[in-house]
Amino acid sequence: MADREKLRRYQGKRDFTRTAEPADGGRPRTKHPRYVIQMHDASTVHYDLRLEIDGVLVSWAVPKGPSTDPSEKRLAIRTEDHPLAYADFEGTIPEGDYGAGTVLVWDKGTWRNRTEKGGEPVDAADAVDHGHILADIRGEKLQGNFALNRFRVENDKEQWLLVKMDDAAADARRNPVSTEPRSVLTGDTIAEVARKAKEAEDD
Ligand code: MN
């Protein structure tokens, strides 16, 4: 599918004369694809996990955010593909607009696709289609392998589970969602991001 086609749902939901979110853009990185998690203080606070696959950010909303404890399964609801440039978006989506609220870049880095079937590597886009992804994440807060498994599709809504694999980076005592709330881009809290966005708007 052409990237433009993939982003049609994303673009259709937004008015780019109002929101500061990017309409498109970002250069594909085939060797070191992007990984990002954005904290999103919308109607409810959630964490948007995005993995660069074939020119877009394939995305999931994780209500509780990721865990580093392999015994914790976190619900991840697939959302529309986002443009690559979205990985750097931090700011406030205006009231009344789709996804209204403040977005903070909670973690960022690259990822490697480790998905296999019968000992053979599975292409990342095929892994998404099949509903099983093993992602080796190299972020600032999260590292190591995470599994994403689709367990239900209801009215076009794909429900997945995000689970930390039991490797060297697994740690049941950490709780980065609560102990490391700041932006990896600016060091700001979500309140500081919101305040700066408001000041910029008032200027
Ligand atoms: Mn969101």
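Analyst: **Charged side chains**

D81 forms a salt bridge with R78, and the closest N and O atoms of the pair are 3.6 Å apart. The term requires a side-chain nitrogen of Lys or Arg within 4 Å of a carboxyl oxygen of Asp or Glu. The model is a predicted one, where local features need pLDDT of at least 70 and side-chain atom pairs pLDDT 80 or more, while totals for chains, interfaces and linings use all residues. Residues are numbered from 1 along each chain as its sequence is written, and side-chain values use heavy atoms, without hydrogens or water.

D81 is buried because its relative accessibility is 12%; R78, at 22%, is partly exposed. These classes put buried under 20% relative accessible area, exposed over 50% and partly exposed in between, with a 1.4 Å probe and protein chains only.

The whole structure holds 20 salt bridges. One of them pairs D97 with R18, with 2.6 Å between the closest N and O atoms. D97 sits in the loop between strand 5 (91–93) and strand 6 (101–113), and R18 in the loop between helix 2 (8–12) and strand 1 (34–41), so this pair ties together parts 79 residues apart in sequence. Helices (H or I, at least four residues) and strands (E, at least two) are DSSP runs, numbered from the N terminus. D97 has a relative accessible area of 14% and is therefore buried, while R18, at 44%, is partly exposed.

R182 forms a salt bridge with E192, again with the closest N and O atoms 3.6 Å apart. R182 lies in the loop between helix 4 (176–179) and helix 5 (190–202), E192 lies in helix 5, and the pair links distant parts of the chain, 10 residues apart. R182 is partly exposed at 43%, and E192 is partly exposed at 27%. Salt bridges with shared partners also join R78, D81, R150 and E158 into one network.

Negative charge also gathers on the surface, in a patch of D54, D123, D126 and D129. Patch residues have over 30% relative accessible area and no salt bridge, and like charges are joined within 9 Å.

The protein donors of the manganese ion are H40 (ND1), H46 (NE2) and D48 (OD), at 2.2 to 2.3 Å from the ion. Donors are N, O and S atoms within 2.8 Å of the metal (3.2 Å for Na, K and Ca), and sites may look incomplete because water is not among the atoms. Along the chain the donors of the manganese ion have the spacing H-x5-H-x1-D. D48 is buried, with a relative accessible area of 6%, and H40 is buried at 9%.

N155 has a positive phi near 45 degrees, and D156 has a positive phi near 75 degrees; each is a residue other than glycine. N155 is exposed at 75% and D156 is exposed at 74%.

By contrast, S59, in strand 3 (residues 56–62), is buried with a relative accessible area of 0%. From S59 to E199 the C-alpha to C-alpha distance is 29 Å, over a sequence separation of 140 residues.

Note on methods. Patch = residues over 30% accessible without salt bridge, like charges linked within 9 Å, V, L, I, M, F, W, Y side chains within 5 Å. Areas by Shrake-Rupley, 256 points an atom, 1.4 Å probe, with all protein chains shown as cover. Lys, Arg positive; Asp, Glu negative; His and termini not counted. Charge placed at Lys NZ, Arg CZ, Asp CG, Glu CD.
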